[in-house]
Amino acid sequence: MRPSIAAVTYPIAGDARERPLLAVWLLFALSVVVPVLPALPVVGYLVRVLTASERGDSIPAFLSDGRTLVRRSLGGTAVCLVFLGVPFAALLVTLYGVVTLEPGADAPVGRILAGSTAVLFLGIAGTYLAPISLTTYGREGSLRRAFSPAALRPVAGHAAYFFGWTLGFTALVVTVGVGGALFTLSRLGPLAGTFVLAYGLLVAAYLWGRAVERAKRR
């Protein structure tokens with residue numbers, strides 16, 4: 001099977017069929033009503049998907065080994081907070097500085113541009129490193145190892161990972177855009193939007209897991 005077809009069909013091609021996709025979708029849809037909490041198990045499941053795709057396995061069942069899923073959810077959330085929370089906090093600080101400017105005051109354009117550029121690079125770096133860290137955490141079960149430069153550097157610097165990460169990131173950006181557009185529709189918009197987001201996230205996780213494997217193998 002061609003890699004592009006394998007990525008598109010991955011969320012529904014495993015032994016569990018469409019059940020994991022439905023579980024992720026329903027949790028995302030519930031997050032629209034109850035923010036954050038329902039999405040936490042999705043983090044743990046994505047860790048499981050990254051590890052399975054790195055091994056070349058089909059998409060894993062969602063509810064198998066509930067204890068491990070809970071642990072991976074908490075640990076995966078910690079990884080995401082480190083790699084993605086710092087850029088988000090920096091963005092908030094930059095926005096706060098712009099919003100709190102007094103009317104008529106000269107805006108420090110140079111500092112605003114510098115801060116925006118730094119936030120952009122931090123966000124890209126965090127998004128680039130997070131899949132490697134999450135895959136390492138899912139494989140070895142150690143947060144210390146997940147943050148180890150010895151685990152991150154060889155994969156992050158490999159062209160095979162960069163190519164695969166770019167494919168996954170592009171797929172995610174496209175699905176977020178489509179899902180966001182669907183959200184604006186009345187009634188069924190949030191359901192359709194969360195479904196597209198769930199599908200795209202699983203496709204991206206597959207592409208990132210395979211990218212980690214190729215970088216380690218070559």
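Guide: Tyrosine 128 and tryptophan 165 are both buried, where buried means under 20% relative accessible area, exposed over 50% and partly exposed in between (1.4 Å probe, protein chains only). This is a predicted model, in which local features need pLDDT of at least 70, side-chain atom pairs count only at pLDDT 80 or more, and totals for chains, interfaces and linings use all residues. Residues are numbered from 1 along each chain as its sequence is written, and side-chain values use heavy atoms, with hydrogens and water left out.

Visitor: How many aromatic pairs are there by the ring rule?

Guide: A pair of aromatic rings is described by the distance of the centres and the angle of the planes. Rings of Phe, Tyr and Trp (its six-membered ring) pair if their centres lie within 6.5 Å, and planes under 30 degrees apart count as stacked, over 60 as edge-to-face and the rest as tilted. The count here is nine aromatic pairs. The rings of tyrosine 45 and phenylalanine 62 have centres 4.8 Å apart and planes at 35°, so this pair is tilted; both residues are buried. For tyrosine 128 and tryptophan 165, the centres are 5.1 Å apart and the planes at 75°, so that pair is edge-to-face. Ring pairs also link Tyr128, Tyr161, Phe162, Trp165 and Phe169 into a cluster.

Visitor: Which residue lies over the face of tyrosine 137?

Guide: Arginine 72 does, at 5.1 Å from the ring centre; a charge sits over a ring if NZ of Lys or CZ of Arg is within 6 Å of the ring centre and within 35 degrees of the ring normal.
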